[in-house]
Amino acid sequence: MHSSIESLKASTGEASSILATLNSIESLKASSKLLGLEQYMLCNNIEIGAPKRNQRFPDLRGESNRKSVEALVKNTGTEFLQCGLAARIYSDVTYGLKEARGVHDWRNNLIVGAATGAVLALTTAMDTAACSRLCPRVPAHFNRSVSRFSFSFKASSSQASGSTTQGDEKLLYSGVGFLGLGIMGSPMAHNLLKAGYDVTVWSRTKSKCDTLISLGAQYKSSPGEVAASCEITFAMLADPESAVDIACGEHGVASGMGPGKGYVDVSTVDGATSKLISARIKSTGGLFLEAPVSGSKKPAEDGKLIFLTAGDKSLYETASPLLDVMGKSKFYLGDVGNGAAMKLVVNMIMGSMMASFSEGLLLSEKLGLDPAVLVEVISQGAISAPMYSVKGPSMIQSLYPPAFPLKHQQKDLRLALRLAESVSQATPVAAAANELYKLAKSHGLSDHDFSAVIEALKARLEQKE
Ligand SMILES: NC(=O)C1=CN([C@@H]2O[C@H](COP(=O)(O)OP(=O)(O)OC[C@H]3O[C@@H](n4cnc5c(N)ncnc54)[C@H](OP(=O)(O)O)[C@@H]3O)[C@@H](O)[C@H]2O)C=CC1
Ligand SMILES: O=CCCC(=O)O
């Protein structure tokens, strides 16, 4: 009788200790869910666990910049929170067990270890499910999820061994295509590669792909093949003609598109061209986003472009992490055509500014003023713009290394003037500037930087003298 009472007491003690443990687990589950931290991070594309292989140690690769420092702070914060959560679970369950059982022995340690692991696994699984519900348009492999802790270790070991085998990391990357590796396309694709994405490239001139291939990019022999092998394909092409040809022509992007795929055209074209491409892409079941960029060669290299996007909002959301790798900001402007229009208005202003600046530099010289001092004066006043400080010194030396080719600036002015005409607005300043760029082209300056427009003015002045 006595022994059965003792064994009943013992089993009651065990039961209450298990109950206390379960209560601790429940309260911790609730508090971690209330915090919602992991879910917030997932839905905002903040890395959970260790950074991706190719994103680690940017300072060692000489790529340290504002973004890498931010990423470092975010990752450190995340890992700090995860450690904090584990520590709290451990201490709460230890306390609960000790209170319930009145002793602290190896059994407590065993139960505490199991409970901590179980709660972390459970909250991870619940967060993943919740985020899938909250972010339904983000494809599964963009969700940094599954077993984060085991992933962290796998990522670490692949970094440590320097292996190019991606293993589970492949789950996290989407195949990203990039077409058109000119002045802008090359650094943009390079930044995607550096960020760890699985990039496939194509350019009309195959040799333009060589550097990126040597850095790990894949190559396909047509735009259609790139689109077929990638979930999202970007294109950075010269003008409306090449943009249409590459998207809709034989072996073009559309031939490789289909449901679940997206095409993002970052070239500067007019709205009508963009709409035509959009219709063709959408006829395949794919999604389309126009996303012309503000910013030139250096911002492209630094990942500081400004995206002016319009089109399928869901593609905008899916592509956002990629845009964030290549740019410092992005605007979503609604229907296809609005991104193109915004870009053309911006470049119309820029073309006129550069023509006016050129006129001022030549006039200051003629008046016996030092144009270098003019550049300095401008840089300190209300009309200061980075463009004047960056281009002014080389213009004074008659040097025009191409960052933004003059032929593209003239193309943008031509398209902007047509756009203004479509709404019956007079644009006399832009029209005059356009004439100067046309003149510069006729002097063989198409492939020089657009600041070479000053040479057209010089030629005109010489003619008059
Ligand atoms: N440079 C700048 O500062 C900026 C440019 N832009 C815009 O970005 C786009 C690209 O500019 P950028 O990189 O400077 O120009 P580039 O002239 O350096 O590159 C143009 C790209 O288009 C490709 N291309 C040209 N014609 C054809 C064709 N018929 N068929 C297939 N491909 C073709 C070229 O291929 P390949 O070389 O392989 O032959 C190259 O990859 C333009 O629309 C421009 O207006 C926008 C913002 C800034
Ligand atoms: O389209 C070219 C834009 C260049 C720039 O924004 O500096």
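These legends walk through several close-up views of one predicted model.

Local features are described at pLDDT of at least 70 and side-chain atom pairs at pLDDT 80 or more, while totals for chains, interfaces and linings use all residues. Residues are numbered from 1 along each chain as its sequence is written, and chains are lettered from A and ligands numbered from 1 in the order in which they are written.

Figure 1. Welcome to the overview: the chain holds 18 helices and nine strands, taken as DSSP runs (helices H or I, at least four residues; strands E, at least two) numbered from the N terminus. Of its 465 residues, 39% count as buried, meaning that 20 or more other C-beta atoms, placed from the backbone, lie within 10 Å of the residue's own; 12 or fewer make a residue exposed, and values in between partly exposed.

Figure 2. The chain is divided into domain 1 (12-159), domain 2 (173-334) and domain 3 (342-464), with bounds from an automatic or database domain assignment. The centres of domain 2 and domain 3, taken over C-alpha atoms, are 29 Å apart. Eleven residues from domain 2 and 14 residues from domain 3 form the contact, where two residues touch if their C-beta atoms, placed from the backbone, lie within 7 Å.

**Figure 3. The largest nonpolar core.** This core has 86 residues; such a core is a set of buried Ala, Val, Leu, Ile, Met, Phe, Trp, Tyr and Cys residues joined through C-beta atoms within 7 Å. Phe178, Ala189, Leu192, Val199, Val201 and Val453 touch the most other members. Helix α13 gives the most, with nine residues, and domain 2 and domain 3 each supply at least three. Zoom in on valine 199 to find Val176, Phe178, Ala189, Leu192, Leu193 and Ala217 in contact with it, leaving aside residues up to four places away in sequence.

**Figure 4. Helix α10 and its buried side.** Gly271, Thr273, Ser274, Ile277, Ser278 and Ile281 are the buried residues of α10. They cover an arc of only 155° around the axis, so they lie on the same side of α10; the arc is that of the directions from the helix axis to the C-beta atoms. Their cover includes α9 (240-248), β5 (262-265), β6 (287-290), β8 (305-311) and α13 (338-366).

**Figure 5. Serine 221 in its loop.** Serine 221 sits in the loop between β3 (218-219) and α8 (223-229). Serine 221 is exposed because 10 other C-beta atoms lie within 10 Å. Histidine 251 is 30 residues from serine 221 in sequence and 9.5 Å from it in space, C-alpha to C-alpha.
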